[in-house]
Amino acid sequence: MGAADIHEVLRVDGLTSDIATPGGRVNVVDGISFGLRAGATLGLVGESGSGKSMTCLSILNLLPAFGRVTGGSVLFKGEDLATKSADEMRKIRGGQIGMILQDPMTSLNPLYRIGDQIGEVFKYHHGERSKRSRWQRAIDVMKRVHIPAPAQRAAAYPHQFSGGMRQRISIAINVACQPDLLIADEPTTALDVTIRQQILRLLKEIQRERGTAIILVTHDLHTVSKFCDEVAIMYAGRIVEQGPVARIFAKPAHPYTRGLLDATPKIGAGMARLQEIPGQPPAAGQHGGGCRFASRCGRAAALCKESYPPLAATDGDGQHQVACWYPLEAA
Amino acid sequence: MSSELKNAYIEVSNLKKDYQVRRHFLARPATLAAVAGVSFTIEQGGTFGLVGESGSGKSTIAKLIMGAERPTSGQVVIDGHRFGAQASASEDAWRYRALQPVLQDPYGALNPRMKIGNIIAEPLRIQRWKQWSRHAGNPATEGSAPALANSDAYARRVAELLELVGLRADYAGRLPNELSGGQRQRVAIARALALEPRILVLDEPVSALDVSIQAQVLNLLKDVQAELNLTYLLISHDLAVVAYMSTQIGVLYLGQFMEIGSKEQVVNRPVHPYTQALIAVSDPDSGLDDDVVTGEIPSPLNPPSGCPFHPRCPRADSRCAESKPLLRQLGPAHWAACHYAEAIAQTDESTDIVSAIAA
Amino acid sequence: MSDAIVQHAPSLPQPSASALRSSRPAWSRWRRHWQFHLSVAVLAIVIFAASFAPWLSAYDPNGIDLGSALQAPSLQHWFGTDQLGRDVLSRTMSGARLSLFIAFCAVFLAGCGGTLIGILSAYFGGWIDSITMRLADIQYALPPVILAMVVIGVIGPNTANVIIVVTIANWARFARVIRAEALSIKHRDYVLLARLAGASPLRVALRHILPNVRNTFLVLLTLDIGLIIILEAALSFLGLGVQPPDPSWGTMISDGRGQLEHAWWTSVMPGIVMMLTVLAANLAGDHLREGTRLIGEAD
């Protein structure tokens, strides 16, 4: 993830956003940079207040009314999204960039049949006028996401489906237009564990077919290790470590990453005590100068509290980067 | 099922809970069997983990045991006290002091208008704790009150509880909206411990918390259990959490047990295909194939015939669809509800972790 | 029964209640909520004038002076005089006393009564709930003025009876809204936990439900005050309320009907004051509602 790559679908550089609170404007996304190639999956990992969801909304220019992108650039297929007008963004969203949200119930309109909701995408982005044709294409898309009996189910309403099915429908709506980039914000957190697997596999399948790039926002490290190629760990609005998943999980360099890995219960671990990270994540904007993890870090020294460490490579090819003055040594 | 465990502190027998639901206003009510007859025992000082997905009935079982709902049939015996379909005020009064719940949502568990100190002290005030507390050096019966002013005794007890859960004493004067999720959950634990219960029912106690805070609260629960010799009933959808905390595990599906056993047994040598599937999807290093379970969880309103898991099970055959396997004992303190449990157990005798499912 | 997993706390950072209350400097809070402050100021002035009317009035409200009858507003008589030469400003202030007294009593009684009924209804449910809600339906169905006419016709028009009638005509709104709020509170975890610690229904109602409906109650009070002032004025206007010579806004407006073309101030002045009071009360109520909603959401 070093220099810009011509195969990159998305390149984010120094993205910064803030939101208005009664106490003033607060920085929630602070200089985020990463690149994403076609066919690759980036895991964006963080806890509450890390800014991972806000980053996605910032990329899509979908920040709520009290939020604003204040800096940085977002290059999608080489074009800066910040220069797009509202209409152009609307065409891009849904047409070339899809977004899957956590709660499938609220992303579907309870008053319309599934076939109509999926078909709407064709009307809006492909100008498909014929209702029958839209309906048929909707059924085709439902087949592709493995919804059983699609011809009958297309006439049903969202509340008649289970959570997992609704998420499939949400995916169907998103892939109907065959987007180049898919942003999935905690798509499986609200689903049962045996269903999660199926949904993630579906996303992978779609990715293989079309070479879609995927950003997977999650707090679950298991998911990241199974489904992502690269990962960026976010803390208090900044990326503290990023790089290939296998490398980072085997040898995390940032104490926070190490802390997260140690704090996640593992089934086969026996009775070994979970390592806690003391304290709690800072609320938005409530961090001092210096490294934002310093107050919870067992290795913090004076330098950590004074100035913020820049992202630096820990390995030869520069793919694995960490923002730490005293990164953990390779084990 | 007779209890094999020596000190069956809590014994659940054939617990059933049905709900009458209507699809819509004019439909005839249908019976939803949320809990379809479960039996298990919990030994004193141990942690029994109930794990399952939606519709498994684990939260309903928790509610039945904590007394938030009454069972349709069956009973729960806690230290000799019986709780069944019939209400009993005296038994309920005993249960309030012996068993307390910690619930899932830290944001709904605390009255937003009450100060933390009052929230924690409320059970004490309700039960007029000063009259019977062991804490005052008297046995746990209707004894004499400690020779102290009421508010002093309460304040000291609150400070003690705050310290126990790792919060500073000055938190007593704060309001809930000043606390984070993890801190609120600690307050909820402090309140649960106020009446010196012997049992805690923990219904998804950390599901709503960040990973780094989860570890803190889980460790706190472990420490408190050791210090006060408590018995826990832990409910979670997360098998890893259950595995971390429990001495015994029960795997539920559609209101029935699929497998019950010690933690080592269930986690290292599971014999039920559903248990294996849960381990496969929860643990990337399990070596189990995580792609074998297909389909959706059926609605409890319309459970499958025979074995409830058969439509999704990779090993199911016609026998599984026709007859429901009963929970059978496979070893000391190990039960499974599967026609092929022995076969599965035998093929994997040599390895600790069950290998990928073969024919 | 759903075993659904509770979501993580929302990832959008929420302003905390304490941030809302205290973090901005006072002058900028003032500027942001100028409507609220203005309405409160207006209400304060009206209430002050009403309370101290006897000492503030330059003239006796009932002092008849036929020589100065029907004078337009001037420096001696800021609101002019009516057909009997009485100073309209002094009468308006006296009228405010009576109108506001009746309104506050009635809204308070209706509020407390309605809240009590709403909480009991929500907590116990069953037939208690059915009966009270049907009674509320009946109250809603009857137009308040007709209801008042019937009741006053039976028990006679005087100040106390007006308070009674206005209370009877307004409790249902409180009962319904508080009942809805109480129902949602009843299902919160902290109520369940209190019951599982052995709390009696009374304790749950007083300690858990009542404090959490307090904000709604206060907002309803403020919003209702306007309606009740108008209702009382309507009754007095029709002669069913306050009896002459005691001035109330309603009677003054009624008395001035005969002179509207040539001495409009006798009706219009008390009318304007009443309108400003009701408007101020409604604005204040609206802001209270928004403010408590934001604080409630931050919980």
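Modeller: The model discussed here is predicted.

Colleague: Which strands of chain B does helix 1 lie across?

Modeller: Helix 1 of chain B lies across strand 1, strand 2 and strand 4 of chain B, at about 65 degrees to strand 2. Helix 2 (residues 89-98) of chain B lies across strand 4 and strand 5, and runs at about 105 degrees to strand 5 of chain B.

Colleague: Why do strand 2 and strand 5 of chain B stand at the edges?

Modeller: The sheet is open, with 4 strands in the order 2-1-4-5 and antiparallel pairing. Strand 2 (30-43) and strand 5 (81-83) of chain B each have a single partner strand, so one side of each lacks a neighbour in the sheet. From one strand to the next, the twist averages 20 degrees.

Colleague: How do you know that strand 1 and strand 4 of chain B pair?

Modeller: Pairing requires at least two bridges. Strand 1 (residues 8-21) and strand 4 (residues 73-78) of chain B share 5 bridges in the antiparallel sense, so the two strands count as paired. B:Val12 stands opposite B:Val76 in strand 4 of chain B.

Colleague: How many bridges join strand 11 of chain B to strand 12 of chain B?

Modeller: Strand 11 (residues 328-331) and strand 12 (residues 334-336) of chain B run antiparallel and are joined by 3 bridges; the requirement is at least two, so this too is a pair. B:Arg328 stands opposite B:Ala336 in strand 12 of chain B. The hairpin has 2 residues between the strands, and B:Ala333 takes a positive phi near 60 degrees.

Colleague: What is the handedness of the crossing of helix 5 of chain C with helix 11 of chain C?

Modeller: The crossing of helix 5 of chain C with helix 11 of chain C is right-handed. Helix 5 (residues 88-124) and helix 11 (residues 201-237) of chain C pack at an angle of about 145 degrees, and their axes are 7 Å apart. The residues of this contact divide into 18 nonpolar, 3 polar and 2 charged.

Conventions:
Residues are numbered from 1 along each chain as its sequence is written. Chains are lettered from A and ligands numbered from 1 in the order in which they are written. This is a predicted model: local features need pLDDT of at least 70, side-chain atom pairs count only at pLDDT 80 or more; totals for chains, interfaces and linings use all residues. Axes are lines fitted to C-alpha atoms, for helices over the stretch in contact, and angles run from 0 to 180 degrees between N-to-C directions. A crossing is left-handed if the near helix is turned anticlockwise from the far one by less than a right angle, and right-handed if clockwise. Ala, Val, Leu, Ile, Met, Phe, Trp, Tyr, Cys and Pro count as nonpolar, Asp, Glu, Lys and Arg as charged, and the others, Gly among them, as polar. Two residues are in contact if their C-beta atoms, placed from the backbone, lie within 7 Å.
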